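Hello,

Here is the structure we talked about handing over. Please open it first, then read my notes below.

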Amino acid sequence: MISVSNVTMRYGSKLLFEDVSVTFTTGRRYGLTGPNGAGKSTFMKCLTGEIEPQKGTVVRPRKIGVLSQDQYAFDAYRCIDTVIMGNKALWAALEEREIIYNKPEMTDEDGSRLGELEGIVGDEDGYEAESNAAVLLQGLDIPDELHERKMSELQGGQKVRVLLAQALFGNPQALLLDEPTNYLDLESIHWLQDFLLRYNGTVITISHDRHFLNNVCTHIADIDYETIITYNGGYDDMVFQKTSVRTRIESQNEQREKKIAQLNDFIARFSAGTRSSQVNSRKKEVERLATSELARSNIARPFIAFKMDRPSGKNVLEFENVNKTYTQKDGKVEQVIAGFTASVTRGDKVILMGRNGQGKTTLLKALLANGPGIEEKDVSIDSGTVKWGHEVSIGYFAQDHKGSIQLGRTASDWLHQFDPAATKEDIRGILGQMLFKGEEGLKKTDALSGGEAARLLFCKIMLQKPNVLVLDEPTNHLDLESINALNQAIQKYEGTVFLVTHDQDLIEEAGTRIWHFEGGPTSFHITDHKGPYEEYQQQLAIAAK
């Protein structure tokens, strides 16, 4: 159990939350929600002990598991050791024991200390540490051959999974997970969901994955109105309850305001007359009916709408026998895309899904190799043919989207170059749609956060009005409100979409066609299912029987 009493935190002059008291009970799984900037990560750091609250106290159990956000902090260590470091007491004992054993000669004091350390190692299940860590790594799709490698040799997504295993190691009494699904593929997300559903301790997780929150959470702790309110159920349950409560208060206030207006009218007409007792009683009634002041919500919802200058031809893309290899850091060449052939027609919304490292981004870049208006680096094929259709125009959101934005300019100036005919009001309006309010459009592109850079790139795409969208993991830096807005925008879009995502709601609700990447280097293939994800799942279930 984790208990928070009268905690207040400010960021500069901005009040994040005030006098918050909340208990996170053992056996329950809490989603910590709120828009970007609401204070989720700050509150999480208070819970972990990384920072102290400016006011109030936090009581936490002795052993907690925390997902590290610094992917580079453990680069010098083996993967297996990085996981074991999740149990700080055990790791400290193992390190000190190693130092003593490496001494040329041991003193009696060293021998006595070794006995104490062996006791700690035994109490913390240290003799099974490597095998227990290996089980976690295997569950998160880190193969055995990588367990002895240094963290510096792993790809970004693999590092995240090792750090997740670190948080889960040692049977902690509470798990504090800040964006645990970032960079995880769908299978790994499902594994994590199953693990958390079986976990008996307290779970507190920040996530922008609505499907994950709905599947995992028994409660939602929502940061809004400068406080934290706990709701029963998952994310959708919280939204319904929150909306219902606010609607009821607003309705009550509206009725009160009408009654107050009637009373004030009576007071104004008769205050100078002989009905002073009735006037005084009505003044007291006005005081009693004083409107409950509604705190202002800090939720901001962007408005995303993808429109087209003109439609493309019926046949948007045809490609045949596309092959693409990838050269690894050690110089080894690996076949990633092997002889893939398909055709895409206007209006298809293709979801590219599969485990990380199986070639989804590589295929997108291969198809963009001769795409009209595409000037991105590293877009090419080794062999095969790619033919884009008549009147195709492409809006591209790269996975490394910050690299697509030129530095040293204001957001407004950078955006204006994509439609020089647009007025300043047009640019200001489209920036406003994506929550760049007032002078925020003058912010330098160098200073943009990941979420701001993503929203600016959507501004560019909306300004260009393409008839084909190529979106490579666009949700990684978006909050829940922005992801929901993107989901609705894709569903309403009349053009063609290629979308790489691990967000299950997007996969289920936005896609009309699935390209499923499966297998390894020698058994690689892409299943092309011409239909939505639910239908594809049904086919897989029938095939498995």
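This is a predicted model: local features need pLDDT of at least 70, side-chain atom pairs count only at pLDDT 80 or more; totals for chains, interfaces and linings use all residues.

Six strands make up an open sheet with mixed pairing, ordered S5-S6-S7-S3-S8-S9. The edges are strand S5 (64-66) and strand S9 (227-232). Each has a single partner strand, so one side of each lacks a neighbour in the sheet. From one strand to the next, the twist averages 15 degrees.

Now look at S3. Strand S3 (residues 29-33) runs parallel to strand S7 (residues 202-206), and four bridges join them. Tyr30 stands opposite Ile204 in S7. Leu32 has Ile206 as its bridge partner in S7. S3 also pairs with strand S8 (residues 219-224), again in the parallel sense and over four bridges. There, Leu32 stands opposite Ala221.

How well is S3 covered? Mostly: five of its five residues are buried. In a regular strand, side chains alternate between the two faces of the sheet. In S3, one side carries Arg29, Gly31 and Thr33, and the other carries Tyr30 and Leu32. Both faces are covered. Note that Arg29 is among the buried residues.

Next, a helix pair. Two packed helices are described by the angle between their axes and the distance between the axes. For helix H3 (residues 88-101) and helix H4 (residues 108-123), the axes come within 9 Å and cross at roughly 150 degrees. The cut-off for roughly antiparallel is over 145 degrees, so H3 counts as roughly antiparallel to H4. The crossing is left-handed. On the H3 side, the contact involves Ala89, Leu90, Ala93, Leu94, Glu96, Arg97, Ile100 and Tyr101. These meet Asp110, Arg113, Leu114, Leu117, Glu118, Ile120 and Val121 in H4. By class, that contact has ten nonpolar, no polar and five charged residues.

Is Gln166 buried or exposed? Its relative accessibility is 6%. Buried means under 20%, so Gln166 counts as buried. Leaving out residues up to four places away in sequence, Gln166 touches Val66, Ser68, Phe74, Thr82, Val83, Met85 and Gly86. Phe270 is another matter. Gln166 and Phe270 are 104 residues apart along the chain, and their C-alpha atoms are separated by 74 Å.

Best wishes

Terms used: Residues are numbered from 1 along each chain as its sequence is written. Side-chain values use heavy atoms; hydrogens and water are left out. Buried means under 20% relative accessible area, exposed over 50%, partly exposed in between (1.4 Å probe, protein chains only). Contact means heavy atoms within 4.5 Å. Two strands pair if DSSP finds at least two bridges between them. Helices (H or I, at least four residues) and strands (E, at least two) are DSSP runs, numbered from the N terminus. Axes are lines fitted to C-alpha atoms, for helices over the stretch in contact, and angles run from 0 to 180 degrees between N-to-C directions. Angles under 35 degrees count as roughly parallel, over 145 as roughly antiparallel, 65 to 115 as roughly perpendicular and the rest as oblique. A crossing is left-handed if the near helix is turned anticlockwise from the far one by less than a right angle, and right-handed if clockwise. Ala, Val, Leu, Ile, Met, Phe, Trp, Tyr, Cys and Pro count as nonpolar, Asp, Glu, Lys and Arg as charged, and the others, Gly among them, as polar.
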